[in-house]
Structures are given as structure tokens and as C-alpha cells.
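Me: I would like to go through one structure with you, step by step. Could you take my questions as they come?

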Amino acid sequence: MNMYRFFLMTVFVFTCVIGSEASVAVAEEAPSMSGNAVSTRDPGIPLDQLELLLKPLTKTELVIEADAWLQILKAKVKQISDAEIAVKKKNEQIAKAEEVADAAKEAKEAAEEARKAKETASREGGLEAAKEAAEAAKEAEKKAAEVKKVAEEVGKAEKQAEADEAIRAATEDALEKAAERAEETDSAHRVPAPEAEADKLDAGVRALKSKNAKEPDKLKEVAEAAKAAASTKAEVKIKLLENVTDLRNERTAMIDLMNVVLNELEKKGGEVEDYRKYVTAVSGIKIDVTDSSAAWMSMVGWLKSEEGGLRWVWNFAKFLLTIAAFYILSLIMGKAVEKMIGTSKRVSTLLRDFLYKAVRRTVIMVGLVMALAALEINIGPVMAVIGAAGFVIAFALQGTLSNFASGIMILMYRPFDVGDIVDAGGVTGRVRSTNLVSTHIRTFDNKSMIVPNNEIWGGVITNSTGTRKRRVDMVFGIGYSDDIAKAQGILEKITNDHELVLKDPEPDIKVHELADSSVNFICRPWVKTADYWTVYWDVTRAVKEEFDRQGVSIPFPQRDVHLYQESLENAAR
């Protein structure tokens, strides 16, 4: 009983210890699953460090990281949108201020004309002059009223812009960054406060409402204030555009960081399609062609920015350098392979040429893929599309694939080589080149024939130059009345005296056939393959000349016809 209790106590203590250790392990792992992103603590983290930081994270943790970077990117995109809206508002304000300046200028001119007309009427008198003075004064009042109306619209637009917190924040941010850049470059130029210029314009408009004010002078002040306000807003607009360029650079850097997170999440089986669609939607720049100055500044700013034009110039330079480097590498590796297998007698010229071209093209293809990666093109989807299209392409190119397989068999078994004279696929000629699809044969009458490899491999291949020695088979006939021994001696002398006829094996010269019209000799000397036709033609000519000289006839096919005459009496019987 005591032993039983002791056993139960031991089990209880052991269970408590194991449970406490498991609780500690869970507590240690809990922070990583708490939902707080770890990679967003430093938004300026280098890409390589971010990759190392994300590698141990699980798919669930990477989803948290992706959501966190998505929120940061979203906030940055909102900043850009607010700044771009502020630019459009500034365009409207500049146009209104310029409209006020133009209207004030016209009103000032109308007021001066009214004053001159009034002076003329008071000096000269007369009903007509008084009437003209009244009309001029009425026109001047009308112009002044237009100035007041447009100026009031400008004031309302200013108040609306000030009430919009997003636009005000974007403008203040742009001016603060402009001031920081000015301090860094020790620039004495400062952008005037837009509010001060607006106040001057409001003061000029209020002065117009005063009955004691001299209207032409006040209109002049209003025009100058409107021009100053337009100039100030134009400078603020420039600073906003510069800030937009900076924000776009920051957005590009954040997109690069987010792509690292998405790539790691995709590797571990996460869904990244929605994230990538959002990134694609907010990437790039949109140029407002209706605003030439803004469009020009956006283009120049993008070209000069490190995350814009300079980045793509460097990427394009890397693309060209990569292509050039791999092209040179393909030449070097091709020459190395050619030299390595060139000394082997077991490797045909066809196989050597094929390996040389295959190595070069493979290296260039690898270089092209790496060069596209240098242009920040995602190669994964491209390769996936190529792989998916492989089945369709293979089905559509069944005949070509058959030729491809036959080309491999030709390269492996080497039934002929470049320069050989062959009879293959119904074509006789000299082999010029071959690839995995077809073989190029030049016929003896200089026709270029491209023969599919499937027709060559699927039929009989006769290689006339596949060996170093060949036997020349010739047949010569003499008449039945000629001396056989004399004719055989002539043939033996001609073949033995020819310098291109090989001594080993010895020529075969025998009486071969008693034909209908002649006694035929076979003459079969052995020669080097390259000398075949030279010996054939030389021996044929020499035999004819020597037979003629020594009186040996060369009969031609003939038939004797015997006619018998019988008497009519015998025929009647």
C-alpha cells in the first residue's frame, strides 16, 4: 500500500514538472504569435537584412508582416494623394489669383478712362461729353464689381483649402522639407507665407469698398497683391511637386521591402495575389498633361531621383552588362568545349558543332534570364507560363519533336559526319551541316537540300565516304576472238602503274562472265576514298586507249539474223 502511494506521488510530481516546462515554452513562444509585426520597427531596413529577418517566420507570422507593410504603404500612398490634390488646388488658386490680377488691371484702366472722361466733360461741357463720362464711370464701376466678386471667390477658396486638414498638412509638410533642404544647402531663398499674400489681397479688396479711397490706386494695389499671391502659390506648388517626388521615392522603397515579404510568404504557401494587385495599382506615376509645369517637374524629378530614373538607368546598364558578360562567357565556354572534345577521334564534327552551339545558347539563355531579373522583372510567372504552355506546344509540334528525337539519334550513333557523301532520305550529296531538326545536304549539281531528320533516320543511310578505303568496281568487255591473256595483262599493267591505286589490298582482275556479245573482265582496284572518282576515270580512259593501241576490240551488243529461202513447191507441200 505504501509502495502504491509512493508511486502515485512520483507520477504527480513528474506531471507537474513537465507541465511547468511546457508552460514556460509556450510563454516563450507567445510573443512571436502576439500579432505584432517585427519587420516594420525599422521601415528603412536594408533588403538583405529583411530577408534574413523573415526567414525563420511561419506563414501565419508572415501574413501579419504583410498586413503591417500594407498599412505603411497605404499611409504613404495617402500622403502622395493628398500632396497631388494640394497641387491641383494650388493650380486653381493660381488661376483665380491671375484672374483677379487681370480683372483689377482692366478695372484700373476703365477707372482711368472714366476719370479722363469726367475731366473732359467738366472742362468742355456739353451733353455728349457728360453722357460719355457717365458711361465710362458706369463701366468702371462694373469692372470694379467684377474684381470684388472674383476676389471674394478667391477668399472662399482659400478658406476651404485651409479647412481641409489633409491639404493643409500636405502643404505644411512640403514647406517644412523645403526649409530643411534650404538649411542644408545654406540657401537664402525662402518661400513667403501664403497667408501673408492672401491677407494683402484681402486688404486691397476691403479698400475698394471704402468710399473715400482713390479707386485706380487701390485697383493697382489689388493687381499687385494678386500677382504676388499667384507667384507665392506657384512657389508653394513647386515645393509640393518636389515633395511628391520624395514621397514617390519613399513609396518605391517601401514596395521593394513589401515585395521581399510577399516573396517569402509565397515560398511558404501564403496567398499573395491580393497584395500584389494592390502594389501594382499604387505603383508608377501619373502625369497630368494638362499642367505642363507639373508634368515637366514630375518627369525631371523622377529622372533625377535615386528610386526613379537613376535606378532604371542603373538597371538598364546592368541589363546590358549582363548580356555582354554572358555573351563573352558563352564564347569562352563554347571554345573550351570545342577544344576539349576536338582532340577526341570518337566525337564527330556534327556532335562537336552541336555541343558548341548548345553550350553557347544555354549560357546566353541563362544570361538573358539574369538580365531580365536585373530589370526587376519577376521571372517566376514567366517560367510558369512557359511550363504550362509546354504541353500545348509539344502537342502542336509532334512532327518537329519526332525530328528532334531523330536528330539526337543521329548525333549519338554518328552514321555520317560533315563533309561525307551520303544517300539518305532520298537525297544524294555532301553533308554541310545538321541540327536537331534537319540536315543540310548539298547535291552534286549544287542544289541545297534540307532533309528532315525523321526521314533520314527512318530510312537507309548510305555513307560513301564513311571509310578511308574504297574498292572501285569496273567491268571491261572484249570480243570472243580476242586474246584473254593479253587483255588481262593490259588491265593488270594499267592498275599496277597508277600511283593512286593501293598495293594492299591487291587489285582483283578476273574473267568474270561470258556475256552475249563479249567476254567481261572485272577490274577492282582499292583506293583511298578521296581518290575514288579520279582512279575510276583515269583507268577507264587508259583501258580504252591501250585496247585500241594493241588491237583488242571492245564489242558492242549485236545480234546475228539468219535468213533461209525455200522454193514455192516445198512451201506448198
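Me: What should I know about the model before we start?

Reply: This is a predicted model, in which local features need pLDDT of at least 70, side-chain atom pairs count only at pLDDT 80 or more, and totals for chains, interfaces and linings use all residues. Residues are numbered from 1 along each chain as its sequence is written, and side-chain values use heavy atoms, with hydrogens and water left out.

Me: Which residues have the most contacts inside the largest nonpolar core?

Reply: They are L50, L54, L73, M258 and Y275, in a core of 22 residues. A nonpolar core is a set of buried Ala, Val, Leu, Ile, Met, Phe, Trp, Tyr and Cys residues joined through side-chain atoms within 4.5 Å. Buried means under 20% relative accessible area, exposed means over 50%, and partly exposed lies in between (1.4 Å probe, protein chains only).

Me: And which elements give two or more residues to this core?

Reply: They are α2 (47–54), α3 (59–124), α7 (215–267) and α8. The largest share, eight residues, comes from α7. Helices (H or I, at least four residues) and strands (E, at least two) are DSSP runs, numbered from the N terminus.

Me: What does L54 touch?

Reply: Not counting residues up to four places away in sequence, L54 touches S39, L62, E65, V260, V261, E264 and K268. Contact here means heavy atoms within 4.5 Å. There is also a second, separate core of 20 residues, which includes V472, Y532, V539 and V543.

Me: Back to α8, then. Which of its residues are buried?

Reply: Helix α8 covers residues 273–282, and its buried residues are Y275, V279 and V282. Seen down the axis of α8, these residues fall within an arc of 75 degrees, so they line one face of the helix. The arc is that of the directions from the helix axis to the C-beta atoms.

Me: What does the face turned away from the buried side carry?

Reply: That face of α8 carries the exposed residues D274, K277, T280 and A281. After α8 comes G284, which has a positive phi near 80 degrees.

Me: Changing topic: how do β1 and β2 pair?

Reply: Strand β1 (residues 421–424) and strand β2 (residues 427–434) run antiparallel and are joined by four bridges. Two strands pair if DSSP finds at least two bridges between them. V422 stands opposite G429 in β2. The two strands form a hairpin with two residues between them, and G425 in the turn has a positive phi of about 60 degrees.

Me: Where does β3 come in?

Reply: β2 and β3 also run antiparallel, with four bridges joining them, and they form a hairpin with three residues between the strands. S433 has H440 in β3 as its bridge partner. Strand β3 (residues 438–442) also pairs with strand β4 (residues 448–452) in the antiparallel sense, over five bridges.

Me: Is S438 buried or exposed?

Reply: S438 counts as buried, because its relative accessibility is 16%. This residue of strand β3 stands opposite P452 in β4. Leaving aside neighbours within four places in sequence, S438 is in contact with I450, V451, P452 and N453.

Me: What is the phi of N446?

Reply: Phi of N446 is near 70 degrees, a positive value in a residue other than glycine. N446 lies in the loop between β3 and β4, and it counts as exposed because its relative accessibility is 56%.

Me: What about R414?

Reply: R414 has a positive phi of about 50 degrees although it is not a glycine. R414 is placed in the loop between α13 (398–413) and β1.

Me: Last topic: what is the strand order in the open sheet of three strands?

Reply: The order is β7-β9-β8, with antiparallel pairing. β7 (474–478) and β8 (508–514) are the edge strands, each pairing on one side only. Five bridges join β7 to strand β9 (residues 519–524), and F476 stands opposite F521 in β9.

Me: Which residues does the cis peptide bond join?

Reply: It joins D504 and P505, with omega about 0 degrees. P505 is in the loop between α15 (484–497) and β8.
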